[in-house]
Amino acid sequence: MALRTRISDALKQAMKDKAADRLSTLRLISAAIKDKDIAARATGNDDGVPEAEVLAILGKMAKQRMESARAYEEGGRLDLAEREREEITVIEEFLPRQLSEEETTAAVDKAIAEVGATSIRDMGKVIGLLKGKYTGQMDFGLVGPMVKERLS
């Protein structure tokens, strides 16, 4: 089932269940996707953004909420931190399973071999390949330094 359909179905179910918090988060997800679709239409893409872009949107939303939860905890606002964590749980339902550290390392090594990367100049090609295959499955903030270390 397509990701957009799953999100839409979950939104409808949350309305039926009168799950206000879940519904709120699902509406935020839907709005973020529609914003990207509208931006894509401006460039001539009438079909909206591809599913890989939707995964990237969801990953970004989860990361933002993680940072917010951390900031709320540091500020002593545990109630708001808990609300952010609940939103993360809803968002992560639609993200693919995150790769373990070993799987990420193996994927990086495979991508380096596939591209034939030998120096730091090839880092963009490696990251591009990884983003094409593993969007939403790995944290590219951690992958960048890993690729850089292997190519140095």
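## A network of salt bridges

Asp 21, Arg 65, Arg 83 and Glu 87 are joined in a network of salt bridges, a salt bridge being a side-chain nitrogen of Lys or Arg within 4 Å of a carboxyl oxygen of Asp or Glu. Arg 83 is partly exposed at 26% relative accessibility, whereas Glu 87 is buried at 7%. Here buried means under 20% relative accessible area, exposed over 50%, and partly exposed in between (1.4 Å probe, protein chains only).

The model is a predicted one, in which local features need pLDDT of at least 70 and side-chain atom pairs count only at pLDDT 80 or more, while totals for chains, interfaces and linings use all residues. Residues are numbered from 1 along each chain as its sequence is written, and side-chain values use heavy atoms, with hydrogens and water left out.

The whole structure contains 12 salt bridges. One of them pairs the side chains of Arg 4 and Asp 37 at 2.7 Å, N to O. This pair links distant parts of the chain, since Arg 4 is in helix α1 (residues 3-17) and Asp 37 is in helix α2 (residues 20-42), 33 residues apart. Arg 4 is partly exposed at 32% relative accessibility, and Asp 37 is buried at 9%.

A salt bridge also connects the side chains of Arg 85 and Glu 73, at 2.5 Å from N to O. Arg 85 lies in helix α4 (residues 78-92) and Glu 73 in helix α3 (residues 51-74), so the bridge ties together parts 12 residues apart in sequence. Arg 85 has a relative accessible area of 34% and is partly exposed; Glu 73 is partly exposed at 38%.

## The protein as a whole

The protein has seven helices and zero strands. Helices (H or I, at least four residues) and strands (E, at least two) are DSSP runs, numbered from the N terminus. The C-alpha trace spans about 55 × 45 × 25 Å along its principal axes.

Of the 152 residues, 33% are buried. Among contacts (heavy atoms within 4.5 Å) with a separation of 6 or more, 60% involve residues 24 or more positions apart.
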